[in-house]
Amino acid sequence: MKIKKEQGRKSKLTPQEKAYILIIKEYLGLSNKETAELASLLNLTKEEISYKTVERLHSDPDVFVILYNLLP
């Protein structure tokens with residue numbers, strides 16, 4: 001599967017970090033704000049992220065490809 005890169009600012013997070021954060025969010029049943037706070041509290045990422053970043057992970061094509069490849 002090929003992904004066409006969109007215009008805009010380069011992401012602070014790697015695709016692996018994005019997928020990891022989204023999996024944790026869904027597994028623990030957290031809100032976007034709670035997930036952003038947890039990520040900074042536990043140092044899950046190199047950069048501090050906002051709840052808006054977590055919200056945008058649902059439509060991120062990199063995360064889609066990673067999760068698609070994880071499922072049988």
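This is a predicted model: local features need pLDDT of at least 70, side-chain atom pairs count only at pLDDT 80 or more; totals for chains, interfaces and linings use all residues.
Me: Why is Lys25 called buried?

Reply: Lys25, a residue of helix H1, has a relative accessibility of 10%. The term buried applies under 20%, so Lys25 counts as buried. Beyond its neighbours within four places in sequence, Lys25 is in contact with Leu30, Ser31, Asn32, Thr35, Val54 and His58.

Me: What makes the pair Glu26 and Lys25 a salt bridge?

Reply: The closest N and O atoms of Glu26 and Lys25 are 3.5 Å apart. A salt bridge requires a side-chain nitrogen of Lys or Arg within 4 Å of a carboxyl oxygen of Asp or Glu, and the pair therefore qualifies.

Me: How many salt bridges does a search of the whole structure find, and which residue meets Lys18 in one?

Reply: The search finds three salt bridges. Lys18 meets Asp60, with an N to O distance of 2.9 Å. Lys18 belongs to helix H1 and Asp60 to the loop between H3 and H4, so this pair ties together parts 42 residues apart in sequence. Both Lys18 and Asp60 are buried.

Me: How do you know that Glu55 and Lys52 form a salt bridge, and where do they lie?

Reply: Their side chains meet at 3.5 Å, N to O, which is within the 4 Å cut-off, so the pair is a salt bridge. Both residues lie in helix H3, three residues apart, or about one turn of the helix. An α-helix has 3.6 residues a turn, so residues three or four places apart point the same way.

Me: Why are Glu55 and Lys52 called partly exposed?

Reply: Partly exposed denotes values between the 20% limit for buried and the 50% limit for exposed. Glu55, at 36%, therefore counts as partly exposed, and Lys52, at 34%, is likewise partly exposed.

Me: What is the span of helix H1 set against?

Reply: H1 comprises residues 15-28, that is 14 residues, and reaches 20 Å from its first C-alpha to its last. This is close to the 20 Å expected at 1.5 Å a residue. The helix is followed by Gly29, whose phi is positive, near 70 degrees.

Me: Which residues of H1 are buried, and what do they pack against?

Reply: Glu17, Lys18, Ala19, Ile21, Leu22, Ile24 and Lys25 are buried. The buried residues of H1 pack against helices H2 (32-41), H3 (51-56) and H4 (61-70).

Me: How do you know on which side of H2 its buried residues lie?

Reply: The buried residues of H2 are Asn32, Thr35, Ala36 and Ala39. They cover an arc of only 100 degrees around the axis, which places them on the same side of H2. Lys33, Glu37 and Leu41 are exposed on the other side. Among the elements covering the buried residues are H1 and H3. After H2 comes Asn43, with a positive phi near 55 degrees.

Me: Why is Leu71 called exposed, and which nonpolar patch includes this residue?

Reply: Leu71 has a relative accessible area of 61%; exposed means over 50%, so the term applies. Leu71 lies in the segment after H4. Together with Ile23, Tyr27, Leu28 and Leu70, Leu71 forms a nonpolar surface patch with about 600 Å² of accessible area. H1 gives the most to this patch, with three residues.

Terms used:
Residues are numbered from 1 along each chain as its sequence is written. Side-chain values use heavy atoms; hydrogens and water are left out. Helices (H or I, at least four residues) and strands (E, at least two) are DSSP runs, numbered from the N terminus. The expected span of a helix is 1.5 Å times one less than its number of residues. Buried means under 20% relative accessible area, exposed over 50%, partly exposed in between (1.4 Å probe, protein chains only). Contact means heavy atoms within 4.5 Å. The arc is that of the directions from the helix axis to the C-beta atoms. Patches are made of residues with over 30% relative accessible area and no salt bridge: like charges are joined within 9 Å, nonpolar side chains (Val, Leu, Ile, Met, Phe, Trp, Tyr) within 5 Å. Accessible areas come from the Shrake-Rupley method with a 1.4 Å probe; for residues, only the protein chains shown count as cover.
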